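Subject: Structure handover

Hello,

Here is the structure I promised to pass on. Please open it first, then read the notes below.

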Amino acid sequence: MKHFLLKYMWTIIYTAVLTTFTVYIALDTFAISQVYTVVSPTENTSQTSVSEQESGTADYTAADESEACTDSAESEAVISDNSYSDGNISITLTEYRENDTTVYVADVTLSSAEYLKTAFAQSSYGKNVTEKTSEIAEEVGAILAINGDYYGAQESGYVIRNGVIYRDTAADDQEDLVIYEDGSFGIICEDDVTTAELLRDGAVQVLCFGPALVENGTVSVTESEEVGKAKASNPRTAIGIIDNLHYVLVVSDGRTEESEGLSLYELAQFMQSLGVETAYNLDGGGASTMYFNGEVVNNPTTNGRSIKERSVSEIVDIGYRQAPSCNGEDGRCVFVCSPALRAVRSGL
């Protein structure tokens, strides 16, 4: 036995080191959380550079957003199971049945693009920093929210949120959705433009998943096109613009007996049928989640056997922002501005 160990010692050591390294790489890629920047929940939309973000020197203020939030809080919100309306935001939720799949469509009209926002999990930009869509939505006082692009699972691809550059490393042939300060949508290829140029052009949000589903009212994917090795039928999440400050946020169920799921092409066709000019595919599968008026309205699932949310890196949401109240007994910070959340928490 001793002779055997001596003879194969280096092989055993090499195998052990290689296995340890492989496990570490896998954990580092998919599990170990790394926070790069803690983001104030009331960050402004100033054009802050990625270097300021990485050094933690970004200065956030919220005067404009707090003022807008206060104005909204003074107005009466009309809320039902499938609708929300106040002086600035109007949302109607409708269920469709397409291709043996239940699809949830939130039709949104805004008075200003400032109410179309994004929010990071745990108020932090980083790697593998995640929370459930509903948890992030509650923390920022969102009225409506869907999962975003899951930037935290990627090493490259532009990340611009609320007018701030967080990642400026381009991914080859990556097609992004740009939401500009006037609320309009654009589709860009990262090979063709820098994040600095996007900010100069007025970009506020840049979402990096894709592909574009509809451009200029025309379906822009093929019947055989898919994301990576995704199955043809999946839960899906998408966002589209119909007209000025008129949007649709869409989530489909999938992977269950009740809902088969949609292919990219089927999703694109459905988005086109809603009358969108531009539509973009966001992260799907187990991440696909829609939150509205204080609850998850779809049936998110990863394996089809259990209905539960999967944690994600960020959300795209509709709502207001105001500094949170942190006086609760459990220590959690609660946003009290949103008329929808005030009504939900009051049992209305």
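Start with one hairpin. S3 and S4 form it, with three residues between them. Keep in mind that this is a predicted model.

For a landmark, find Ser-85, which stands opposite Ser-90 in S4.

Now follow the chain onward. Which strand pairs with S4 over 10 bridges? That is S5, residues 101-110, and the pairing is again in the antiparallel sense. Here Tyr-96 stands opposite Val-103 in S5. S4 and S5 also make a hairpin, with two residues between the strands. Look at Asn-99 in this hairpin: Asn-99 takes a positive phi near 50°.

So much for the local view. Next, the protein chain as a whole.

- Secondary structure: the chain has seven helices and 21 strands.
- Burial: the chain has 348 residues, and 50% of them count as buried.
- Contacts: take those with a separation of 6 or more; 70% of them are between residues 24 or more positions apart.
- Surface: the chain exposes about 16,200 Å², with 49% of that supplied by carbon and sulfur atoms.

Best wishes

Key
Residues are numbered from 1 along each chain as its sequence is written. This is a predicted model: local features need pLDDT of at least 70, side-chain atom pairs count only at pLDDT 80 or more; totals for chains, interfaces and linings use all residues. Side-chain values use heavy atoms; hydrogens and water are left out. Helices (H or I, at least four residues) and strands (E, at least two) are DSSP runs, numbered from the N terminus. Buried means under 20% relative accessible area, exposed over 50%, partly exposed in between (1.4 Å probe, protein chains only). Contact means heavy atoms within 4.5 Å. Accessible areas come from the Shrake-Rupley method with a 1.4 Å probe; for residues, only the protein chains shown count as cover. Two strands pair if DSSP finds at least two bridges between them.
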